[in-house]
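Me: I would like to take a close look at one part of this model, and I would be glad of a careful, connected explanation.

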Amino acid sequence: MNSSQQVWHPAKINNLFMRFSNLSVVIILIITTSVISIAGLILLAVIPDSINYFALKPSNILAGKYLWTLVVHFFSHGNFFHLFINMFVLFSLGSLSERIIGRKRFFLFYITAGIFAGLLSVILSGLLGYGALEKVFGGPATYMVGASGAIFAIAGLFVMLLPKLRFSIIFLPFLSLPAYIMVPLVLIITWVVTIAVGLSIGNVAHFGGFLTGLAYGYYLRLKYQKKVKLLERVFK
């Protein structure tokens, strides 16, 4: 048996797959997002029109085109800094969230939140994103990428399950506030500042993700009251 046959032996492939599947969902999401984002950036540099295949454009979705971007867009990022910040926050918040609600629940929650955040952006920008309101809701021709909507969903989940858990901002590590104050505050300040300075950021997606997190957190709080009370005692 030559060396190439040894490398591609089914048992070794199965072993590699098992090792990957045993990773936490957060790590798998970070790896997947990084690979897709980097591939997208390279492809975009070579073929600019390829942006339609991985970025969410409301007018495309409303026309029934590139529907897969409702999922792909939150695995894609506009630059390496954007990717690093989002993956850092995903690791920071998602790791604890995954341990609390479990691997399968976390994965389905993350994907659902990302899709809902994108859909809300499509709907509001399509209905209201014209004229002066385009700064508030985004325009139907605006491309959107990034995992921020799904990440805000994780933050919203903590607001419901662990409202007193203290949050800090990556750029202001010395400042920390309870989740129920910090998360809505960051959401509002980001929205106001980006409107004021004219930055194109998916604030509607952030809000949509946040709503998803609140809704799912409320459901879990009602269904697992004893477990939530135990969590609150652990994370005072």
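Which residues do ring pairs link into a cluster?

Reply: The model is predicted, so local features need pLDDT of at least 70 and side-chain atom pairs count only at pLDDT 80 or more, while totals for chains, interfaces and linings use all residues. Residues are numbered from 1 along each chain as its sequence is written, and side-chain values use heavy atoms, leaving out hydrogens and water.

The cluster consists of F74, F75, F106 and Y110, which are linked by ring pairs (rings of Phe, Tyr and Trp, with its six-membered ring, whose centres lie within 6.5 Å; planes under 30 degrees apart are stacked, over 60 edge-to-face, the rest tilted). By this rule, 11 aromatic pairs are counted.

Y66 lies in the loop between helix 4 (58-62) and helix 5 (69-72) (helices are DSSP runs of H or I with at least four residues, numbered from the N terminus), and its phi is near 50°, a positive value in a residue other than glycine. Most residues other than glycine have a negative phi. With a relative accessible area of 23%, Y66 is partly exposed (buried is under 20%, exposed over 50%, with a 1.4 Å probe and protein chains only). Y180, which belongs to helix 10 (residues 179-197), also counts as partly exposed, at 45% relative accessibility.

Definitions and conventions
Helices (H or I, at least four residues) and strands (E, at least two) are DSSP runs, numbered from the N terminus.
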